[in-house]
Amino acid sequence: LIALDEWLGCETATLPPREGGVVIGIDLGGSSSMSAAAFYWPATGRLECLGTFPSHPSLLDRGQVDGVAGRYVEMQDRGELSVLGDKTVPVALWLTEVMRHVEGEPVTAITMDRYKQAELAEAINRAGIRAPLVWRGQGFRDGGEDVERFRRAAFDGQVKARASLLLRSAFGDAVCLRDPANNMKLAKARAKGRIDAAAASVLAVAQGARIAAQPKAKARAIWV
């Protein structure tokens with residue numbers, strides 16, 4: 001998806017402000033995978049990301065199984081990773097926590113994988129969330145466009161994030177598949193690599209890029 005040194009170029013000690021509307025990218029996990037939410041402000045390029053695991057097994061045990069030792073515990077200590085629920089993350093409650101992270105901010109869109117549309121839409125209604133919803137596929141059409149928009153934004157300096165072990169780990173593991181026509185999509189079927197934060201970031205930044213590309217004012221015809 002992006003080389004680790006290229007991602008490190010997106011990290012900054014001084015984050016740009018939260019200005020304009022925020023786009024939220026959601027990657028919903030299951031019992032073994034992480035759920036992640038990315039928050040992107042297209043007007044300034046600010047990117048934030050949070051990950052969540054269920055509480056059982058413990059983060060240390062998960063790290064041992066995934067071959068990353070105490071990395072998840074360190075992410076929790078840094079405030080980048082949380083635990084919620086027992087064996088699975090309760091979706092509606094988790095989405096409420098996601099929205100609380102940007103409480104008071106105007107939400108331009110929430111973008112998600114349409115493969116889990118039924119589950120997410122039900123949880124959104126239960127949580128009482130009111131925001132524009134954008135459903136994206138993960139194949140070579142939607143996925144390829146999102147990957148390319150994310151890469152272009154990152155290379156153009158339009159993505160700025162605080163140093164994050166969660167994001168470094170995700171982008172370090174994230175790879176893409178190419179079809180014979182050289183279209184790309186994010187490869188999500190990985191045995192141990194937790195790329196959920198990268199997947200959520202791709203969704204958020206790509207939607208933010210589409211919003212930023214829209215004309216700010218409609219053209220008006222003037223008759224003389």
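Predicted model: local features only at pLDDT ≥ 70, side-chain atom pairs only at ≥ 80, totals over all residues.
Axes here are lines fitted to C-alpha atoms, for helices over the stretch in contact, with angles running from 0 to 180 degrees between N-to-C directions; helices (H or I, at least four residues) and strands (E, at least two) are DSSP runs numbered from the N terminus. From α7, the residues L166, L167, A170 and F171 meet A197, A198 and S201 of α8, a contact meaning heavy atoms within 4.5 Å. The residues of this contact divide into 6 nonpolar, 1 polar and no charged (Ala, Val, Leu, Ile, Met, Phe, Trp, Tyr, Cys and Pro count as nonpolar, Asp, Glu, Lys and Arg as charged, and the others, Gly among them, as polar).

Helix α8 also meets α6. The axes of α6 and α8 come within 8 Å and cross at roughly 80°, which makes α6 roughly perpendicular to α8. On the α6 side the contact holds E145, D146, V147, R149, F150 and A153, and on the α8 side S201, V202, L203, V205, A206, A209 and R210. By class, 8 nonpolar, 1 polar and 4 charged residues take part in the contact of α6 with α8.

A cavity is a set of points, on a 1 Å grid over the protein atoms alone, where a 1.4 Å probe fits but cannot get out, and lining residues have an atom within 4 Å of a point. The largest cavity holds about 80 Å³ of space, a volume being the space filled by probe spheres set on the points, which are joined across faces, edges and corners. Its lining consists of Q138, G143, D146, V147, K185, L186, A199, V202 and L203, with α6 (142-155), β9 (184-186) and α8 each giving two or more residues. This lining divides into 5 nonpolar, 2 polar and 2 charged residues.

Two backbone details are worth a look. A cis peptide bond, with omega about -5°, joins H56 and P57, and P57 lies in the loop between β3 (46-53) and α2 (59-66). A69, although not a glycine, has a positive phi of about 55°; A69 sits in the loop between α2 and α3 (71-77).

Residues are numbered from 1 along each chain as its sequence is written. Local features need pLDDT of at least 70 and side-chain atom pairs count only at pLDDT 80 or more, while totals for chains, interfaces and linings use all residues, and side-chain values use heavy atoms, with hydrogens and water left out.

Definitions and conventions. 1 Å grid on protein atoms, 1.4 Å probe; cavity = no way out; pocket = protein on both sides within 12 Å on 5 of 7 lines; lining within 4 Å. Parallel < 35°, antiparallel > 145°, perpendicular 65-115°, else oblique.
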